[in-house]
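The sequence and structure are shown first.

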Number of protein chains: 2
Amino acid sequence: MTDTTRDFLSDFRTMSAFGATAGGGIDRQAASTGDIAVREWFGSRVTGYGGRVVFDEIGNQFGLFEFTPGAPYVFVGSHLDSQPLAGRFDGSYGVLAGLHAVARIADALRRQGKSPDVNLAVVNWFNEEGSRFSPSMMGSSVYTGVMDISVARAATDLTGVTVAEAQRNAGWSPVVTGDDVPQAAAYLEIHVEQGKELERAGAPIGLVTSTWGARKFRVTVRGEQGHTGSTLMADRQDALFGAALIITGVRRMADGAEPGMLQASVSTMEVLPNSPVTIAREVRMNLDLRSPDAGVLVRAQEQVGAVVTDAEAEAKISVDLELTHGWDLNPYPREGVELARSVAETLGLPYREVRTVAGHDSTNMKETVPTVMLFVPSVDGISHNEREYTSDEDMLTGLKMLTAAVAEAVDRFRI
Amino acid sequence: MTDTTRDFLSDFRTMSAFGATAGGGIDRQAASTGDIAVREWFGSRVTGYGGRVVFDEIGNQFGLFEFTPGAPYVFVGSHLDSQPLAGRFDGSYGVLAGLHAVARIADALRRQGKSPDVNLAVVNWFNEEGSRFSPSMMGSSVYTGVMDISVARAATDLTGVTVAEAQRNAGWSPVVTGDDVPQAAAYLEIHVEQGKELERAGAPIGLVTSTWGARKFRVTVRGEQGHTGSTLMADRQDALFGAALIITGVRRMADGAEPGMLQASVSTMEVLPNSPVTIAREVRMNLDLRSPDAGVLVRAQEQVGAVVTDAEAEAKISVDLELTHGWDLNPYPREGVELARSVAETLGLPYREVRTVAGHDSTNMKETVPTVMLFVPSVDGISHNEREYTSDEDMLTGLKMLTAAVAEAVDRFRI
């Protein structure tokens with residue numbers, strides 16, 4: 001084992017202690033105590049490897065390695081925030097691998113006395129997970145202009161704390177604005193697959209060629225309060241029963257689809273008044289549909305409409321189904337995929353072209369700059385779970401691949 | 001309209017302003033601001049009608065009208081606390097009618113220079129509703145020794161506040177203990193029916209002859225966290241899907257029962273981690289079964305077991321079903337029912353014998369002393385809802401009936 005791989009694995013162990021859970025995972029929701037602590041530690045590692053830390057106004061953390069003042073940057077990044085009781089690899093692996101890739105290349109360039117036309121930056125995007133503050137991918141959405149910063153800063157958690165308040169409390173500085181915000185020339189991200197395709201194929205590297213499409217809804221089920229004891233079954237307009245009919249209907253629709261062609265989920269629920277002797281008057285929940293096929297997604301949306309109509313009739317409730325956001329299935333830029341393929345072939349690394357079901361910060365970045373999205377295997381595809389696992393060997397192979405891809409990007413993507 | 005009926009209706013309007021909601025109802029959960037305010041107002045009305053206010057250690061509020069120091073009391077009561085967004089009649093009508101009945105009789109006795117062998121008390125039981133602090137009927141359960149006071153005082157609301165803390169904050173005094181706690185010789189309660197039987201029969205008075213049986217469960221559904229995007233449908237162990245299968249299964253079981261023979265409800269739900277991109281690992285909910293037939297209740301419990309087994313298989317989750325409390329269907333004491341019947345006949349008031357599906361404080365009291373439970377009609381049977389309604393005429397008829405029944409109880413139930 002070389003010094004640099006030893007350093008990476010040592011840094012990975014240290015990083016995993018921030019927000020560590022008893023079950024071997026982490027709990028570092030955006031701007032929580034754990035997220036604040038890991039960001040401070042990460043900033044000190046950036047400095048230790050010779051970089052400089054700045055934040056933008058939405059709290060994205062940049063580790064800058066500059067060669068040519070004023071030139072744009074090749075960005076390498078992901079996110080250090082997590083879901084509650086999450087795995088220690090999701091996002092975190094990509095940020096740390098990004099730092100090590102960038103630091104190695106910067107070091108090599110300096111030792112060779114070279115000064116490229118672009119600068120290098122590792123980026124830790126703010127609130128990729130969206131569990132504490134909705135929606136997900138908040139930092140990269142604001143960075144790329146998909147979301148207005150005032151909307152993002154006004155988002156609240158369940159206790160009513162806004163993003164703006166949480167960031168004020170975190171005290172991240174220095175904050176740069178306007179022309180001082182680092183500009184991207186290209187973007188690279190490496191992430192655990194959160195699926196089983198690489199493991200099944202025995203390939204250590206996944207080249208992400210496209211995203212699945214996604215449609216996300218806010219579902220509001222409206223019934224009528226009543227006494228759980230004395231309101232006759234026939235008189236009930238039970239919002240929780242209506243919600244349960246939608247959950248089971250949507251799930252069975254997805255179970256009936258061709259395997260791997262449709263994912264459908266409800267995972268949040270707010271029940272009003274949530275009292276043991278009062279029938280629910282309202283239930284608010286999410287609904288998340290994903291498919292690699294545009295036609296399947298359209299048909300699923302129609303089927304959801306039928307599920308809702310049936311639920312309204314059986315439970316005597318009314319339902320509002322509001323599309324809150326989504327993305328079409330679309331390809332990663334050809335030049336990024338080709339760069340990654342040529343690097344993998346040069347290194348002799350077995351790879352597989354894959355689609356990503358989950359959204360990533362690269363989903364935003366690929367719309368603005370040449371983007372490379374890489375995967376490493378996840379054991380059993382388990383993710384958003386403390387048991388998420390990727391072996392040291394697979395992490396190191398991914399780091400090797402990412403480092404070579406960043407070096408190639410520095411050569412190719414100049415202004 | 002006599003002065004006394006005018007006073008009752010005027011007091012009723014004033015009382016309904018405490019915790020009033022925009023929808024015409026009230027929101028006065030136990031020891032909330034609204035409950036604290038209405039109790040203070042109610043205490044001043046007790047004093048205004050010549051009574052004296054004391055509290056016991058669990059916060060039951062007694063308005064005492066004494067004739068024979070040291071003698072037990074005929075209790076007349078109900079509760080001023082409410083569900084969230086509730087009607088203004090449930091409980092509150094019974095407490096105010098109790099005060100007016102007791103005050104009229106005390107006044108008449110004093111004017112006649114009579115001093116009965118028993119004293120009179122109106123009781124406002126603490127936390128009958130059980131929405132903020134579980135379980136329901138807390139004050140009367142502690143009073144009758146069904147529940148230990150230390151257990152009741154340790155119950156917490158959703159923000160972690162205990163009953164003991166909420167009561168300390170409320171500052172109810174004076175608190176009497178030991179032999180100074182008023183002892184009951186008999187108990188009378190009047191309540192809105194929360195059903196349609198009286199309305200349908202055109203009877204202004206219901207004589208409650210028995211309770212339905214009830215079984216209440218805590219249901220814990222355990223699955224496995226996962227990413228809603230990337231976890232394949234076939235790999236999911238979705239606790240929220242499992243919960244939805246149980247809710248729909250239990251509801252359809254009740255819908256399939258003989259009408260009026262089984263009520264089954266789930267009305268509370270806590271989802272963990274309740275994040276938009278993470279499959280639920282755990283769902284906690286309640287389950288409430290009620291029937292006027294012991295055999296139906298036993299069979300329903302067996303059917304719930306089958307629903308749970310099916311849900312475990314389909315959703316690949318595991319379920320804990322824990323019986324938390326319940327009561328058997330049982331009769332109100334014969335002497336109380338007979339007393340009420342003879343009073344109604346004397347007054348020439350049409351009445352109907354009914355069963356109560358809902359639990360009341362009288363459910364506890366009837367196990368210790370002769371008890372009369374009366375109902376007045378509820379329009380459309382609507383309850384635990386801002387639209388709950390009972391006409392002034394029906395309230396006044398109920399007050400007349402209650403007053404005569406209390407007077408009769410004073411004569412009959414001496415020590």
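Predicted model: local features only at pLDDT ≥ 70, side-chain atom pairs only at ≥ 80, totals over all residues.

Not counting residues up to four places away in sequence, A:His191 touches A:Ser78, A:His79, A:Asp90 and A:Gly91, together with A:His360, A:Met373, A:Leu374, A:Phe375 and A:Val376. With A:Asp90 there is also a polar contact between side chains, at 2.9 Å.

## The annotated binding site

According to the UniProt record, an unreviewed entry, the annotation "binding site" covers A:His79, A:Asp90 and A:His191. These residues are spread over 113 residues of sequence, yet they cluster in space, with a largest C-alpha distance of 9.8 Å.

A:His79 lies in the loop that runs between strand S3 (73-78) and helix H3 (92-111) of chain A. Is A:His79 buried or exposed? Its relative accessible area is 0%, so A:His79 is buried. When neighbours within four places in sequence are left aside, the contacts of A:His79 include the other annotated residues, A:Asp90 and A:His191. Also among them are A:Gly91, A:Ser92, A:Val95, A:Asn124, A:Trp125, A:Glu128, A:Glu129 and A:Asp361.

## Domains of chain A

The domain assignment divides chain A into domain 1 (3-211 + 330-412) and domain 2 (213-327). The C-alpha centres of the two domains lie 34 Å apart. Eight residues of domain 1 are in contact with seven residues of domain 2.

A:Thr211 is located in strand S6 of chain A, residues 205-211. With a relative accessibility of 3%, A:Thr211 counts as buried. Beyond its neighbours within four places in sequence, A:Thr211 is in contact with A:Trp327, A:Asp328, A:Leu329 and A:Asn330, as well as with A:Tyr332, A:Thr356, A:Thr363 and A:Lys366.

## Relation between the two chains

How are the two copies placed relative to each other? Chain A is superposed on chain B by a rotation of 180 degrees with 0.0 Å of shift along its axis, at an RMSD of 0.1 Å. The two copies are therefore related as by a two-fold rotation axis. Among the residues of chain A, A:Ala244 comes closest to this axis, its C-alpha being at 2.2 Å.

Of the interface residues of chain A, 100% are also interface residues in chain B, which means that the copies meet through the same surface.

## The largest nonpolar core

The largest nonpolar core has 71 residues, and those with the most contacts inside it are A:Met269 and B:Met269. In soluble globular proteins, nonpolar side chains tend to be buried together.

Which residues does A:Met269 touch, not counting those up to four places away in sequence? Within chain A they are A:Leu240, A:Ala243, A:Ile247, A:Val283, A:Arg284 and A:Met285. From chain B, the residues touched are B:Leu240, B:Met269, B:Val271 and B:Asn274.

## A position in chain B

B:Ala37 is found in helix H2 of chain B, residues 33-48. Its relative accessible area is 28%, so B:Ala37 is partly exposed. B:Ala37 and B:Phe18 are 19 residues apart along the chain, and their C-alpha atoms are separated by 6.7 Å.

Technical notes:
Residues numbered from 1 in each chain as written. Chains lettered and ligands numbered in written order. Heavy atoms only, no water. Least-squares fit on C-alpha atoms with pLDDT ≥ 70 in both. Contact = heavy atoms within 4.5 Å. Core = buried A, V, L, I, M, F, W, Y, C linked by side-chain atoms within 4.5 Å. Buried < 20%, exposed > 50% of the residue type's maximum accessible area, 1.4 Å probe, protein only. UniProt positions renumbered as here; feature names shortened; annotations may be inferred. Helix = DSSP H or I, 4+ residues; strand = E, 2+ residues; numbered from the N terminus. Polar contact = N/O pair within 3.5 Å; in protein donor to acceptor, adjacent residues only side chain to side chain. Domains from an automatic or database assignment.
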